[in-house]
Amino acid sequence: MADKPGKTETGRCCACGRTFTYDPGEVMTVLIDPQTGLPPGFSVLGTLRPAGPEAVARSADQPVCPACVDRAASLKAADDPPPFPTWP
Ligand SMILES: [Zn+2]
């Protein structure tokens, strides 16, 4: 009865494997294909291919811990190409 409002669940981060607690209504999730451990459409070689309907059907949303969400956000920001120089 000392619980905070809202419910929490405990799960494993699908990116780093860390066990963490999260609010199922708030947590960031990614769709993971259990056969590859990657989102459907990603191959184990890191290349993209069209996701087949069966790959999507067997995939499930997996929670991602806040540390990995932050890391993904900073990687994405660092990945932005600098603007091309323009000639006068
Ligand atoms: Zn993580």
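Modeller: Strand 1 and strand 2 form a hairpin with six residues between them. Strands (E, at least two residues) and helices (H or I, at least four) are DSSP runs, numbered from the N terminus. The model is a predicted one, in which local features need pLDDT of at least 70 and side-chain atom pairs count only at pLDDT 80 or more, while totals for chains, interfaces and linings use all residues. Residues are numbered from 1 along each chain as its sequence is written.

Strand 1 covers 9–12 and strand 2 covers 19–22. The two strands pair in the antiparallel sense over four bridges; pairing requires that DSSP finds at least two bridges between the strands. Within this pairing, G11 stands opposite F20, and R12 has T19 as its bridge partner.

The loop between the two strands contains G17, which has a positive phi of about 85° in the turn. Is G17 buried or exposed? A residue is buried if 20 or more other C-beta atoms lie within 10 Å of its own, exposed if 12 or fewer, and partly exposed in between, with C-beta atoms placed from the backbone. G17 has 9 other C-beta atoms within 10 Å and is therefore exposed. In space, G17 is 9.0 Å from V64, C-alpha to C-alpha, although 47 residues separate the two in sequence.

F20, in strand 2, is partly exposed because 18 other C-beta atoms lie within 10 Å. Leaving aside residues up to four places away in sequence, F20 touches C13 and C65; contact means that the two C-beta atoms, placed from the backbone, lie within 7 Å.

In soluble globular proteins, nonpolar side chains tend to be buried together.

The hairpin may now be placed in the whole protein. The protein has two helices and four strands, in the order β-β-β-α-β-α along the sequence. Of its 88 residues, 12% are buried. Among contacts with a separation of 6 or more, 48% join residues 24 or more positions apart. Helix 2, residues 66–78, has 13 residues, of which the number buried is zero, so this helix lies largely in the open.

Finally, pLDDT is the predictor's confidence in each residue, from 0 to 100. The mean for the protein is 85, and 84% of residues reach 70 or more. Among the elements, strand 2 has the highest mean pLDDT (96) and helix 2 the lowest (87). Where pLDDT is low, the predicted coordinates should not be read in detail.

Conventions: The expected span of a helix is 1.5 Å times one less than its number of residues.
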